[in-house]
Amino acid sequence: MKLLIKQRAFSLTDSYYVYDETGEVRYEVKDEFFSLGHQIHVYDSRSGEEIGAIHQKLFTFMPEFEIVVNGELKGSIRKEFSFFIGDRTGK
């Protein structure tokens with residue numbers, strides 16, 4: 001399934017609709033305005049229930065985010081420090 005993300009032009013918080021191939025809204029993504037770090041929530045467009053979230057961990061040297069799906073921690077994303085831009089093969 002292909003998905004398309006469109007950002008709302010005028011909003012106090014970052015919010016997006018995610019559309020499927022037929023143009024139907026599948027998900028709504030909202031960013032919390034008053035929070036420490038980024039807090040992004042994904043909602044099912046049909047039921048309005050939260051199905052996932054991405055939370056920024058605070059007090060880390062490099063940015064780190066936790067991915068939560070249906071209330072369960074599924075993984076994390078951590079930025080790595082690098083002096084050089086390029087691949088890790090040394091070429």
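These legends walk through a few close-up views of one predicted model.

The model is predicted, so local features need pLDDT of at least 70, side-chain atom pairs count only at pLDDT 80 or more, and totals for chains, interfaces and linings use all residues. Residues are numbered from 1 along each chain as its sequence is written, and side-chain values use heavy atoms, with hydrogens and water left out.

View 1. The accessible surface is about 7600 Å², and carbon and sulfur atoms hold 57% of that. These areas come from the Shrake-Rupley method with a 1.4 Å probe, and for residues only the protein chains shown count as cover. Take the contacts (heavy atoms within 4.5 Å) with a separation of 6 or more: 3% of them link residues 24 or more positions apart.

**View 2. Asp-20, in the loop between strands E2 and E3.** Strand E2 covers 15–19 and strand E3 covers 25–31. Asp-20 counts as buried because its relative accessibility is 12%. Setting aside neighbours within four places in sequence, Asp-20 touches Met-1, Lys-2, Leu-3 and Arg-26.

**View 3. The tyrosine pair, Tyr-17 and Tyr-19.** Searching the whole structure turns up 1 aromatic pair. The ring centres of Tyr-17 and Tyr-19 are 6.4 Å apart and their planes sit at 65°, so this pair is edge-to-face. For the cut-offs, rings of Phe, Tyr and Trp (its six-membered ring) pair if their centres lie within 6.5 Å; planes under 30 degrees apart are stacked, over 60 edge-to-face, and the rest tilted. Tyr-17 is partly exposed at 28% relative accessibility, whereas Tyr-19 is buried at 17%.

**View 4. Lys-30 over the face of Tyr-43.** Lys-30 lies 5.7 Å from the ring centre of Tyr-43. A charge sits over a ring if NZ of Lys or CZ of Arg is within 6 Å of the ring centre and within 35 degrees of the ring normal.

**View 5. Thr-60, in the loop between strands E5 and E6.** Strand E5 runs over 50–56 and strand E6 over 64–69. With a relative accessible area of 31%, Thr-60 is partly exposed. Arg-78 is 18 residues away along the chain, and the C-alpha atoms of Thr-60 and Arg-78 are separated by 9.7 Å.

Conventions: Helices (H or I, at least four residues) and strands (E, at least two) are DSSP runs, numbered from the N terminus. Buried means under 20% relative accessible area, exposed over 50%, partly exposed in between (1.4 Å probe, protein chains only).
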